Amino acid sequence: MVSKKASLPASKNPSDYVIATMGSHSALQILHGARQEGMRNVVVCKKGAERAYKSYGVADEILYVDDWSEWEKVEKELVKRNAIIIPHGSFIAYMGHDRVKAMKAMYFGTKEILEWESNRTMERQWLEAADIKMPRVFATPEEIKKPVIVKFHGAGGGFGYFIAKSAEQFYEVKNRKYPEQNDFALQEYIVGVPIYAHYFFSPLTQELEIMSFDKRYESNADSIGRIRAEDQLSANIYTSYTIVGNIPVVIRESMLPEFFAMGDRVVKTSKKMCGGKGLFGPFCLECIVTRKLEIFVFEISARIVAGTNPFVEGSPYTALRYKEPMSTGRRIARDIKTAIKQGRLREVLG
Ligand code: AMP
Ligand code: AMP
């Protein structure tokens, strides 16, 4: 259930607000970005997770919970402070959609989008309507005709994905390793390099920016190649994609126009299809680029992704556009600050 639109604070002074987030994922960057824009911030940490926020001195205030089930208690404190919550991957993973939708505190982004990006069928409808190339999907294991990547629903950070090239191979791994799991997607495995494109669309200026790109450092997909094929076979290693870190990438320059055009189409289509204000703020197209330079998108993240973390001091792209270091976290704070000053806060809230 979406909470009723509360009346917003009338102040046009950014110092009457704070930027808030959950302590994990990209919180360091978000908090630092708020500071860089001269706004106060608050981070909500599970007890024991505060060390980084203290050590790097990025937080104006730390609020604590023993467990994320206590979020609603903390939310009252956030509302008192006129906090604007910035969602990220860990926030959505730990809170769950229903609680995010019901939240009363101010929330940066469009809540309606959550359903569109998390439901694989709706996500595909949206991206196909935006003329985005996607990997084929097979409805049942029996239909597998080429290598597929098997994705269990809610597999956190790519853990448990595996590759199968036939129904027999699929059942062999599934029944042995994941006998209880029956909610999965079978996606054509695209041979190419993964590229994550980080965008920012400002609802205030209606402009789309490409902030940066990254690739992920995944265990053990990124380590299998370190041993010879015979050893891989004898060690009986299965490919898994547990995210461990993120590595910056600069894209071949002639591909930039296509990346911009893809971002434009996804934003434009979201306004028609996804309800609310459509997609705005940071988002990421998760792509595989083939040897023929075809760009397949296997997923969209409709918020800040952790792949922007290497760019706390800006990226090679934001260095071209801005005079000052511009991270995605700072870019969010800048739109919020501008919206407050112009009396347009509602335009950046979901
Ligand atoms: P964590 O807060 O690190 O336990 O992560 C919670 C969830 O957020 C993970 O299961 C991932 O889906 C996502 N996540 C966290 N860090 C990253 C990252 N660096 N890249 C991509 N996803 C991430
Ligand atoms: P995800 O958790 O959806 O971000 O995916 C984890 C990793 O799986 C990605 O970083 C890619 O390397 C890989 N991957 C996901 N989908 C595909 C696909 N359809 N084809 C090839 N690789 C994929």
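## Two domains

The C-alpha centres of domain 1 and domain 2 lie 36 Å apart. Domain 1 covers 14–108 + 325–348 and domain 2 covers 137–188, with bounds that come from an automatic or database domain assignment.

A word on the ground rules: this is a predicted model, in which local features need pLDDT of at least 70, side-chain atom pairs count only at pLDDT 80 or more, and totals for chains, interfaces and linings use all residues. Residues are numbered from 1 along each chain as its sequence is written, chains are lettered from A and ligands numbered from 1 in the order in which they are written, and side-chain values use heavy atoms, leaving out hydrogens and water.

## An open antiparallel sheet

Let us turn to the strands. An open sheet is built from four strands in the order S6-S9-S7-S8, with antiparallel pairing. Helices (H or I, at least four residues) and strands (E, at least two) are DSSP runs numbered from the N terminus, and two strands pair if DSSP finds at least two bridges between them. At the edges are strand S6 (137–138) and S8, each of which pairs on one side only.

Going through the pairings, S6 and S9 are antiparallel and share two bridges; here Val-137 has Gln-187 in S9 as its bridge partner. S7 and S9 also run antiparallel, joined by five bridges, and Gln-187 in S9 is the bridge partner of Ile-149. Between S7 and S8, again antiparallel, there are three bridges, and Ile-149 finds its partner in S8 at Ile-163.

Helix H8 (residues 167–177) packs on this sheet and touches S7, S8 and strand S9 (184–188), where contact means heavy atoms within 4.5 Å. The direction of H8 makes about 150 degrees with that of S8; axes are lines fitted to C-alpha atoms, for helices over the stretch in contact, and angles run from 0 to 180 degrees between N-to-C directions. Four of the five residues of S9 are buried, so S9 is largely enclosed by the rest of the structure. Buried means under 20% relative accessible area, exposed over 50% and partly exposed in between (1.4 Å probe, protein chains only).

## Aromatic pairs

The whole structure holds 16 aromatic pairs. Rings of Phe, Tyr and Trp (its six-membered ring) pair if their centres lie within 6.5 Å; planes under 30 degrees apart count as stacked, over 60 as edge-to-face and the rest as tilted. One of the pairs is Tyr-161 with Tyr-241, which is tilted, at 6.1 Å centre to centre and 50 degrees between the planes. Tyr-161 lies in the loop between strand S7 (148–152) and strand S8 (162–164), while Tyr-241 belongs to strand S12 (residues 241–249), so the pair ties together parts that are 80 residues apart in sequence. Tyr-161 and Tyr-241 are both buried.

Phe-213 and Phe-259 make an edge-to-face pair, with 5.2 Å centre to centre and 70 degrees between the planes. Since Phe-213 is in strand S11 (residues 207–220) and Phe-259 in helix H10 (residues 256–273), this pair ties together parts 46 residues apart in sequence. Phe-213 and Phe-259 are buried. There is also one aromatic cluster formed by Phe-152, Phe-162, Phe-170, Tyr-171, Tyr-178 and Phe-184.

## Charges over rings

Two lysines are worth a look. The charged end of Lys-111 sits over the ring of Tyr-107, 5.3 Å from its centre, and that of Lys-133 sits over the ring of Phe-296, 5.9 Å from its centre. A charge sits over a ring if NZ of Lys or CZ of Arg is within 6 Å of the ring centre and within 35 degrees of the ring normal.
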